Amino acid sequence: MTSLKRLLFCATDKEIFDAYFSSPQHFNEATLLDTGAERGIFYSVHEDRETLADALSSQIFSYADLRKIESHFEKAGRADRRTAVSLDVSIDQAELKNATQEIIAKALGDETITANAVGQDGYAINVAYTELDFGATRFRQRREREANISVSNESGKTILRLPATVKARGIADELVNIVEKNRKDKIPREDIDLSSFSDPDMRTRFFTMLISTLPDSQPNNVLRVRVERLDQASGAALEDEDEKKEAKEEKMLSLVKGVALNGDSLLASPEYQSLRKRGFFITSITWRVRKNPPGGPIVEYEAGFDERQQSKLFRYAVRQWKTKYDTGEDRKLFTPIPTAGRDQFGKELEETAISTLRKLKQEIAKSVPAIVDEAKS
């Protein structure tokens, strides 16, 4: 199949306006002012985004101009979310090469898949593809994306690290399926998955243990928390059923499935504690730690689940850090973390998440006999 060529297109002034106004992250006031200046048009710095987007969208645009707008939405974020798959076997480079060749042979027309060995036992797979979203504004419907999947053997296990996207997860699953088919044997895998935890508090404990047990880290702050209520959960009973105000609040919360909280020290906030008592559990969290030795950088992490209600499909990001001046004083702003540091922090987060899940499962396993004995008595 021949590779899919990019379609030529024209755009109306409304479509250009939608693109400029749809995302402050890509087109803020400063970017729009610079865009005007590149055209020899100098707008007032006091104009708002909507006015600037409207004025610019009425200009004449060449195909190159339209591609420049489109390219803004193809840029990766500063901290793409990642995930990891842990296989309880060691897969050598020859097996990985054979499996990858099968995947390459099945590649679609708009996909370019390359693979190569890394070191003695590592492997790397890169997938370039087009992501389509026809529900987005026209300039955001087509994005050129890449998925970089690394495979390494660590202590007798094979670890796949990849972007937390549908495409990357699909490639990783296909790789494992092909190796299983060639071996004619099922490969045990360890996913970070809390769907078997019926107790909301246990799901929340996964996150509180995760943020407090990262190696060489002292918790600094919790910035964002998203919580959900289990579909089958009826919610905690009110302490005083006679108070009409509390009864009304409980009725309202019973209709709410998800809540996002932003601010400082969220886990200690009354709002979060109220939700927790009513059966809500954490599905994602953004927090900061101070790295050791004492006085190290402040690092910002994010962790959560793509399938929030089921607490499945774990993903994480090492977002940014704040280092120190030579004087020992913290810098004012957070900056991107170099690749080597981000990879190391991400690996620590993966290992902590897996060990945390194992500890919680052991707790549940120990409590089950006690519950059975109590029921018999």
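Is S311 buried or exposed? With a relative accessibility of 0%, S311 counts as buried, and this residue is the subject of the second of the views described below, all of which show a predicted model.

**Figure 1. Overall content of the predicted model.** The protein is built from ten helices and eleven strands, and 39% of its 377 residues count as buried. Among the contacts with a separation of 6 or more, 65% are accounted for by residues 24 or more positions apart. The accessible surface amounts to about 21100 Å², and carbon and sulfur atoms contribute 51% of that surface.

Figure 2. Leaving aside residues up to four places away in sequence, S311 is in contact with D193, L194, S195, R203, F281 and F305. At 0% relative accessibility S311 falls under the 20% limit, and therefore it counts as buried.

**Figure 3. Packing of helix α2 against helix α3.** Two packed helices are described by the angle between their axes and the distance between the axes. Helix α2 (residues 29–38) and helix α3 (residues 49–57) meet at an angle of about 25°, and their axes lie 10 Å apart. Because angles under 35 degrees count as roughly parallel, α2 and α3 are described as roughly parallel to each other. The crossing of these two helices, α2 and α3, is left-handed. On the α2 side the contact is formed by E29, L32, L33, T35 and G36, and on the α3 side by R49, L52, A53 and L56. By type, the residues of the contact of α2 with α3 comprise five nonpolar, two polar and two charged.

**Figure 4. Positive phi values at S155 and D216.** S155 is situated in the loop between β4 (142–154) and β5 (157–163), and its phi is near 55°, a positive value in a residue other than glycine. With a relative accessible area of 81%, S155 is exposed. D216 lies in the loop between α7 (200–212) and β7, and phi of D216, a residue other than glycine, is likewise positive and near 55°. The relative accessibility of D216 is 49%, and D216 therefore counts as partly exposed.

Note on methods: Residues numbered from 1 in each chain as written. Predicted model: local features only at pLDDT ≥ 70, side-chain atom pairs only at ≥ 80, totals over all residues. Heavy atoms only, no water. Helix = DSSP H or I, 4+ residues; strand = E, 2+ residues; numbered from the N terminus. Buried < 20%, exposed > 50% of the residue type's maximum accessible area, 1.4 Å probe, protein only. Contact = heavy atoms within 4.5 Å. Areas by Shrake-Rupley, 256 points an atom, 1.4 Å probe, with all protein chains shown as cover. Axes fitted to C-alpha atoms, helices over the stretch in contact; angles between N-to-C directions. Parallel < 35°, antiparallel > 145°, perpendicular 65-115°, else oblique. Left-handed = near helix turned anticlockwise from the far one by under 90°. Nonpolar A, V, L, I, M, F, W, Y, C, P; charged D, E, K, R; others polar.
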